[in-house]
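Dear colleague,

Please find below the structure that I am handing over to you. My notes on what was found in it follow directly after.

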Amino acid sequence: MELELLPDFKAFYFRNENVILRVPFCFCLQLAVYFDKHVKESGEETKIWYEIAAIVSGLVGAIGLLTSLSYLQKFFVWFIEQVVIVIAFFAIATYSPPHPKRDEADTKESSNLDNSSYLGTIYGSSLLYTQVLIAVSIAIAPRKWVNTVNTKQTVGMFVVCPIIIHFVTLPFVKATAMLREVCLAYLLLASVIQGYKACLGLLQLVQDIPGVIKNACSVVVNFGWLDFFVYHWKRINLGRVLMLAWLIKFIGKFCQFVKYGVFIAIAGSIVDCFDNLQDLAGASIVVGVAANLALDAVNKILKGNLDRPMEERHQEAWNDSVSFFLLGLQVGLIGLPKPERLMLIGLIVFVTISLFLQSAYELTEPVLMSLGATYTGVFNSKHLRTLAVCAMVLLLPGYMVIVLCKLFSFDAWLFVILSSNLVTIVQVMGSLVIYALFVSNVHSETQVKDLDDYVYYINAGSKIFEFLVAVVVLGYTAWATITGEWNYIGALVITMHAYFNVYKRAQEGWNNFLLRRSAVKRLNSLEWATEEQLQQLNDVCCICYEELDSAKVTRCKHFFHSLCLRKWLYVQDKCPMCHADILPQD
């Protein structure tokens, strides 16, 4: 089983090597922030040392995050070699076998026991010294030499070579005693070699700096700062690096506080994981990933699969992450005392949940409309799952509104959260009413001829409400910014939210309904099928599977009920049979 898992582990490591090797340098930046805080609190005697430690930690962290993967691989190989040498040195320094010339009185008292103990000690020293020599040799040897030796051969060397050296040096006790000095000299030589490797690596890094600067300037001039930032963000996988570093810190804090209870551990870990901008960025990315996973679950419930466009996934992650990050900056989260952080984190999470519910509604609405437009009187599990998601998206904002109104007095934060939740509630209610109209129309004895008009008016009312909310939010944000209740970062966040999440949606929806209205008018220009055509066809409508007592004829010469074709147009403009354009061009 272990041998089977080893290739999987190697494959996992090489897929994520660029992330794994950069995470330790995030903690170097954390150390730089820690030392910088102590600079302000320390006295004159220790201040200079904290400043040096902060500068060194910051430089190491920044270089490690931004450098190429090849340099990181060389550095960690060198670091592991150095760790082996340090461990070997401490093993030799702390292990001191007894001298071969012992006191004669002690020998006479317990000669047999002492001889046995001494021989065991000599064998132990031979084993230790030989293993140290082999380990250091493997550490400082060139990689191409080491790669020629497999794992079994290496283990064999560690076991067999000490025994051989023991039997060779057993007749010569002085030679066995000299192994300690030989190992120390060999460690000194290895340290010199490691120092040479470090200087050579630093020299290569310094020599590459002018070329890196030249390439960076060329990218900025030709493509702009945004492309430059996006390129390096993807090159070093900065999002995943920050997320993994934050999760490691959170898990460490959780393990530290878990003895006080799970709830206290979670709350304490969250509060302690917002000490600097790096923590805030990492937490923001975690929030974006969590929102994407939740939307994947919603998509699985609605459609039975996890297939979502990659562009949509990236946009959702960016929206939630950037909103959380900017809101954290707006409230000064990282500069607040720890007892006050938890409440503000909760408020920011409420705003993020509101954004998530909007995205969940956008996934649910097309599915619900498609089910209503193609409903034939059979209520299956897909209808039930979709309605369950709608109920969640409808009830959760309402519950949040009630809880927030009870817990907090009215202010700018509460206004923002309430407005977003009210928009979501109105959207869901409008979609459910349209779905109910479609379903009731199928079960009624006489079909509603003006159903498309009712759908149009309901959607238009919903979009007008969204637009009015966007205007009110912008007006209140401008007033709060002028009066000093909000700073300009908060105004920027709310303006972006109102523009992208409300106004743009309202504008897009309004344009879509204008196009649909125009499509219905063009639909009326389609010819009705004659009695002869219907008798000759002798078929059913492929949308509702009911008998064609009357039908419209499309450009592609397919026959559908007029009401069915109108409902189909709310889903798409292609023929259900051949996927050709249904509507005649203007």
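**Findings**

Leaving out residues up to four places away in sequence, Ile 266 touches Phe 250 and Phe 254, where contact means heavy atoms within 4.5 Å. Ile 266 itself lies in helix H13; helices (H or I, at least four residues) and strands (E, at least two) are DSSP runs, numbered from the N terminus. At 37% relative accessibility, Ile 266 counts as partly exposed. For these classes, buried means under 20% relative accessible area, exposed over 50%, and partly exposed in between, with a 1.4 Å probe and protein chains only. The C-alpha atoms of Ile 266 and Cys 255 are separated by 9.7 Å, and the two residues are eleven apart along the chain.

Please note that this is a predicted model, in which local features need pLDDT of at least 70 and side-chain atom pairs count only at pLDDT 80 or more, while totals for chains, interfaces and linings use all residues. Residues are numbered from 1 along each chain as its sequence is written, and side-chain values use heavy atoms, with hydrogens and water left out.

**The chain as a whole**

The protein chain holds 22 helices and three strands. Of its 586 residues, 37% are buried. Among contacts between residues at least 6 apart in sequence, 71% join residues at least 24 apart.

**Aromatic rings**

A search of the whole structure finds 15 aromatic pairs. Rings of Phe, Tyr and Trp (its six-membered ring) pair if their centres lie within 6.5 Å; planes under 30 degrees apart count as stacked, over 60 as edge-to-face and the rest as tilted. One of the pairs is formed by Trp 246 and Phe 274: the ring centres are 6.3 Å apart and the planes stand at 65 degrees, so this pair is edge-to-face. Trp 246 lies in helix H12 (residues 238-257) and Phe 274 in the loop between helix H13 (262-272) and helix H14 (277-303), so the pair ties together parts that are 28 residues apart in sequence. Both Trp 246 and Phe 274 are buried.

Phe 274 also pairs with Phe 324; here the centres are 6.4 Å apart and the planes at 40 degrees, so the pair is tilted. Because Phe 324 lies in helix H15 (residues 310-330) and Phe 274 in the loop between H13 and H14, this pair ties together parts that are 50 residues apart in sequence. Phe 274 has 2% relative accessibility and therefore counts as buried; Phe 324, at 3%, counts as buried too.

Elsewhere, ring pairs link Phe 25, Phe 75, Phe 76, Trp 78 and Phe 79 into a cluster.

**A buried threonine**

Is Thr 364 buried or exposed? Thr 364 is buried, with a relative accessible area of 1%. Thr 364 belongs to helix H16 (residues 338-373). A polar atom of its side chain lies 2.7 Å from the backbone oxygen of Ala 360. Apart from its neighbours within four places in sequence, Thr 364 is in contact with Val 298, Leu 302, Thr 386, Val 389 and Cys 390.

**Two residues with positive phi**

Asn 237, a residue other than glycine, has a positive phi near 50 degrees. Asn 237 is found in the loop between H11 and H12 and is partly exposed, with a relative accessible area of 25%. Lys 557 is not a glycine either, yet its phi is positive, at about 65 degrees. The place of Lys 557 is the loop between strand E2 (552-553) and strand E3 (559-560). With a relative accessible area of 61%, Lys 557 is exposed.

**A loop between two helices**

Which residues does Val 448 touch, not counting residues up to four places away in sequence? Val 448 touches Asn 441, Tyr 454 and Leu 563. Val 448 sits in the loop between helix H18 (412-443) and helix H19 (451-483), and at 31% relative accessibility counts as partly exposed. The C-alpha atoms of Val 448 and Leu 437, eleven residues apart along the chain, are separated by 9.2 Å.

Yours sincerely

How values were computed: A polar contact is a pair of N or O atoms within 3.5 Å; within protein, one must be able to donate a hydrogen and the other to accept it, and residues adjacent in sequence count only if both atoms are side-chain atoms.
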